[in-house]
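I'm going from the whole chain down to single residues.

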Amino acid sequence: MSKLVIVESPAKAKNIKGYLGAGYDVVASMGHVRDLPAARLSVDVSNNFEPKYAVIKGKENFVTDLKKKADKADYVYLATDPDREGEAISWHLAYLLGLDLDEKNRVTFNEITKTGVQKGMANPRELDIDLVNAQQARRILDRLIGYKLSPFVSQKIRRGLSAGRVQSVALRLVVDRENEIRAFKPEEYWSVDAKFTNPPDRKTFSAILVSDPEGNKLKLGEKNIENKEQSDKILADLDGAEYVVTSVKKGTRKKNPTPPFITSTLQQEASRRLSFQAKRTMKAAQELYEGVDVKGMGTVGLITYMRTDSLRISEDARAAGNAYILKAYGEKYLPAKPRYYKTKGNAQDGHEAIRPSMPNVTPDSVKDSLTSDQYKIYKLIWERFTASLMESCQQETMKIEIEANGYIFNATGYTVKFDGFTALYEEKTDDASKSQAEAPLPPMTKGDVLRLKSILGNQHFTQPPARYTEASLTKALEENGVGRPSTYVTITSTILAKEYVVREGKQFVPTELGEAVTNLLKDKLPNIVNVKYTSKMEDDLDKLDSGEKDYIDMIRLYYNDFEEPLEKAKQDMQGVKIKLKEEETDVVCDKCGRNMVIKVGRFGKFLACPGYPECKNTKPLVFKTNAKCPDCGGDVIEKKTRRGSSFYGCSNYPKCNFMTWDLPTDEVCPNCGKSLFRKKGGGLYCPDKEGCGFTKSKKK
């Protein structure tokens, strides 16, 4: 019998074919094959929101070929990704290929290993129509809201803008945070910090003033000591004082490991540890899931499915992880009672947390077979999973109270009694102060008289909340129930691509455009940017997965909530246009002498005279690079095609016709001194026409 298996990606198709062998033809759909055409609304609002799907442009020949293969096959298996989106792709494929929806032809692979593929193929099921409807509801609502809201925003602010069910909430979080920072007024406060030794021990330790002679508590970060005068008075009171240990409290505390990764926590930790943007993290994770060629093992998927919000792990994986820990670390590193992590109530528990598909395969054993990014992400996933199974870290704590002239100082510290999981891995934190370990304290007993090494009053100022980074914004979206694992990367990518926010280092800063969009929506369509409302919508849409609610009723409810205020906003703002401040440049208009400003048109940004309509002069906006033209020595400038792609050319055009798609760099050729260029994904080269021929390979 011939069997056709349809997956989503070519890499996965190749690997699964290797596991299934003869008799199976495995092909890749390359994602969706049918969708709502973008040129029109494609949803019949008056007919129960019936979607008008069509084969995606450019995939017509693929669908034709796929139908021929399906007709020749004795059986067709739909093996797209194990989530809502994958279920919907399988449903669309079933429709196009005329498959029986009651037939058990849907298979899923949580991991692309021989065992995982065989297990999936041995347990086919019917398509889950509830999951399909849950995806359809999201797709249709996103289309209705985006298709009707984006033109409104574009008309009122500027052409080419977009707004949406989730992206607009994410943007509001960034804008609101910026407003908090602007409104914040720093306040001065002081702390009194001392350093001591306890002779004959020479180890210096720190303590902080926590109470005055009247018993008033002085907490760091609060305005208890308001200024230098108050600080100086305390220092004067303590001049020549004797510092006596009045209390020594010892205890133990347990530090537990963090759970294995879900999509959001993987993105956050990769950002903190590796400075990876979410897109880069998910690319490497996708490759690890779909399969890599490992020396001595062949092609194998090294991790489980990477889009998940479930903390569940299989008992087989737990047993394999425990076996590795036992062998590598010993019995004391395994907890007496297995540790189970509780998944959040709104999470989808269809598949496991992100974990190594073969826990005994260590990162170092496969390092030579992986790219740098793949290795770093695999190491992160493997260590996090393995540590989550290990025994807790046991710490001995010590808290010391020191009295001097009625003032009380505190010193705290700990020593590690048993390292447990920290022998392998500890989670990073966004708060640098929390990540700094307390220093161990020297031996002390009540009544000890300490030697003062130094005592200072230190000035501080209260700090505004931090701007969001991609990692902290993803965390905020997850905590507020906005978006889902498959959408986090798209959300942040969209608000960056639309120039609603810009990156300053790792931080997201809203642009004037982003603030204008948010303010417009907050004023006219508050539900669209209301975090709690969007979270409730997400929860209701999740309930469609189990068939608890009818998806047509759900769409109708939220569409009606959206349509009425939108129509009112259109009426209220007839003839109104929100004017943004234009960015002035140092380019002088050669017709009237004014400094030209940057405007945005159909094909992107351009320079225009602010004297319009008296002066209608415009120029293309170009960005100068540090490279020099290899032909004439002029400046190499960046230009844009009508589709927005970058290319580079000589500023002396049309006298000089030099043009390249390759990236100009700041480096110069060591042979001839001309600027070096970098091929996409490759190394450096010298473009000298005289045949210099210098090249420099890309660092691995």
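I count a contact when heavy atoms come within 4.5 Å. With that cut-off, 65% of the protein's contacts between residues at least 6 apart in sequence join residues at least 24 apart.

Ground rules before I go on. This is a predicted model, where local features need pLDDT of at least 70, side-chain atom pairs count only at pLDDT 80 or more, and totals for chains, interfaces and linings use all residues. Residues are numbered from 1 along each chain as its sequence is written, and side-chain values use heavy atoms, with hydrogens and water left out.

**Whole protein.** I looked up the extent: the C-alpha trace spans about 90 × 75 × 70 Å along its principal axes. I find 18 helices and 29 strands, taken as DSSP runs numbered from the N terminus (helices H or I, at least four residues; strands E, at least two). Of the 700 residues, 48% are buried. Here buried means under 20% relative accessible area, exposed over 50%, and partly exposed in between, with a 1.4 Å probe and protein chains only.

Charges next. I get 112 positive and 97 negative side chains, and the centres of the two sets lie 4 Å apart. Lys and Arg count as positive, Asp and Glu as negative, while His and the chain ends are not counted; each charge is placed at NZ of Lys, CZ of Arg, CG of Asp or CD of Glu.

**R318.** I found this one in helix 10, residues 315-328. Is R318 buried or exposed? R318 is buried, because its relative accessible area is 6%. Leaving out residues up to four places away in sequence, R318 touches I313, P338, R339, Y340 and L389. One polar atom of the R318 side chain lies 3.0 Å from the backbone oxygen of R339. That goes down as a polar contact (N or O atoms within 3.5 Å; within protein, one able to donate a hydrogen and the other to accept it, and sequence neighbours counting only if both atoms are side-chain atoms).

Strand 22 (residues 623-628) and strand 23 (residues 635-640) run antiparallel, joined by 3 bridges; pairing takes at least two bridges found by DSSP. I traced K624 to its bridge partner in strand 23, I637. Between the strands sit 6 residues, and G633 takes a positive phi near 85°.

**Y653.** I went to the loop between strand 24 (646-650) and strand 25 (659-660) for this one. Y653 counts as exposed because its relative accessibility is 54%. The C-alpha atoms of Y653 and G634 are 9.5 Å apart, with the two residues 19 apart along the chain.
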